[in-house]
Amino acid sequence: AGRTAPDATAKIELGRRDEATGNWKMRLVVDGLPHLTDNEYYVLWLAKDGQYAGACGTFNVDGRTTVDLTASYDLSEYDAWVISRAEPDAPWLLSAAT
């Protein structure tokens with residue numbers, strides 16, 4: 001794992017968990033990633049032991065971008081947040097401990 005987009009930053013604001021559905025509300029603020037064209041996009045993942053484990057949503061960027069997402073995972077089961085391009089075996093562009 002690592003950071004292969006040195007000029008990019010991301011911040012995740014984790015909201016409250018909806019007890020009825022188990023969904024977490026999240027706000028992702030991303031800056032410094034290039035805009036992708038055509039049908040390309042980025043994915044916010046949860047990872048465990050250096051492997052992609054659960055997708056939290058997809059997005060594209062245009063400069064500083066804010067994306068509202070939800071996910072129903074038990075966050076204690078994962079050890080990192082990861083952003084990558086949505087392609088097989090994509091390298092981690094940004095990562096941070098959960």
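Biologist: How many aromatic pairs does the structure hold?
Modeller: This is a predicted model, in which local features need pLDDT of at least 70 and side-chain atom pairs count only at pLDDT 80 or more, while totals for chains, interfaces and linings use all residues. Residues are numbered from 1 along each chain as its sequence is written, and side-chain values use heavy atoms, with hydrogens and water left out. Rings of Phe, Tyr and Trp (its six-membered ring) pair if their centres lie within 6.5 Å; planes under 30 degrees apart count as stacked, over 60 as edge-to-face and the rest as tilted. The number of aromatic pairs in the structure is 4.

Biologist: Are the rings of Tyr-73 and Tyr-78 stacked or edge-to-face?
Modeller: A pair of aromatic rings is described by the distance of the centres and the angle of the planes. For Tyr-73 and Tyr-78 the centres are 5.7 Å apart and the planes stand at 70°, so the pair is edge-to-face.

Biologist: Which residue of that pair is buried?
Modeller: Buried means under 20% relative accessible area, exposed over 50%, and partly exposed in between (1.4 Å probe, protein chains only). Tyr-73 has 25% relative accessibility and therefore counts as partly exposed. A relative accessible area of 14% falls in the buried class, and that value belongs to Tyr-78.

Biologist: Which residues form one aromatic cluster, and where do two of them sit in the strands?
Modeller: Trp-45, Tyr-52 and Trp-92 form one aromatic cluster. Trp-45 has Ala-55 in strand 4 as its bridge partner.

Biologist: How many strands does the protein chain have?
Modeller: Helices (H or I, at least four residues) and strands (E, at least two) are DSSP runs, numbered from the N terminus. The elements run β-β-β-β-β-β-β from the N terminus on. The chain has 0 helices, and its strands number 7.

Biologist: What is the strand order of the open sheet?
Modeller: Two strands pair if DSSP finds at least two bridges between them. Strand 3 pairs with strand 4 over 7 bridges and is joined to strand 6 by 6 bridges, while strand 6 (residues 80–85) pairs with strand 7 over 5 bridges. The open sheet of 4 strands is antiparallel, in the order 4-3-6-7.

Biologist: Which are the edge strands of that sheet?
Modeller: An edge strand here pairs on one side only. That applies to strand 4 (51–59) and strand 7 (92–97).

Biologist: Where does Asp-49 lie, and what is its phi?
Modeller: Strand 3 and strand 4 form a hairpin with 2 residues between the strands. In this hairpin Asp-49 takes a positive phi, near 55°.

Biologist: Which residues have the most contacts inside the largest nonpolar core?
Modeller: A nonpolar core is a set of buried Ala, Val, Leu, Ile, Met, Phe, Trp, Tyr and Cys residues joined through side-chain atoms within 4.5 Å. The largest one has 22 residues, and those with the most contacts inside it are Leu-28, Leu-33, Tyr-42, Leu-44, Phe-59 and Ile-83.

Biologist: What is the bridge partner of Leu-44 in strand 6?
Modeller: Contact means heavy atoms within 4.5 Å. Leaving aside neighbours within four places in sequence, Leu-44 is in contact with several residues, among them Ile-12, Leu-28, Phe-59, Leu-69 and Trp-81. Its bridge partner in strand 6 is Ile-83.

Biologist: Is Asp-7 buried or exposed?
Modeller: Asp-7 lies in the segment before strand 1 (9–17). It touches Asp-31 and Gly-32, not counting residues up to four places away in sequence. Its relative accessible area is 68%, so Asp-7 is exposed.

Biologist: How far apart in space are Thr-21 and Ala-71?
Modeller: Thr-21 is in the loop between strand 1 and strand 2, and its relative accessible area of 48% makes it partly exposed. Thr-21 and Ala-71 are 50 residues apart in sequence; C-alpha to C-alpha, their separation is 10.0 Å.

Biologist: What percentage of the residues of the protein chain count as buried?
Modeller: The C-alpha trace spans about 35 × 25 × 25 Å along its principal axes. Among contacts between residues at least 6 apart in sequence, 57% join residues at least 24 apart. Of the 98 residues of the chain, the buried share is 35%.
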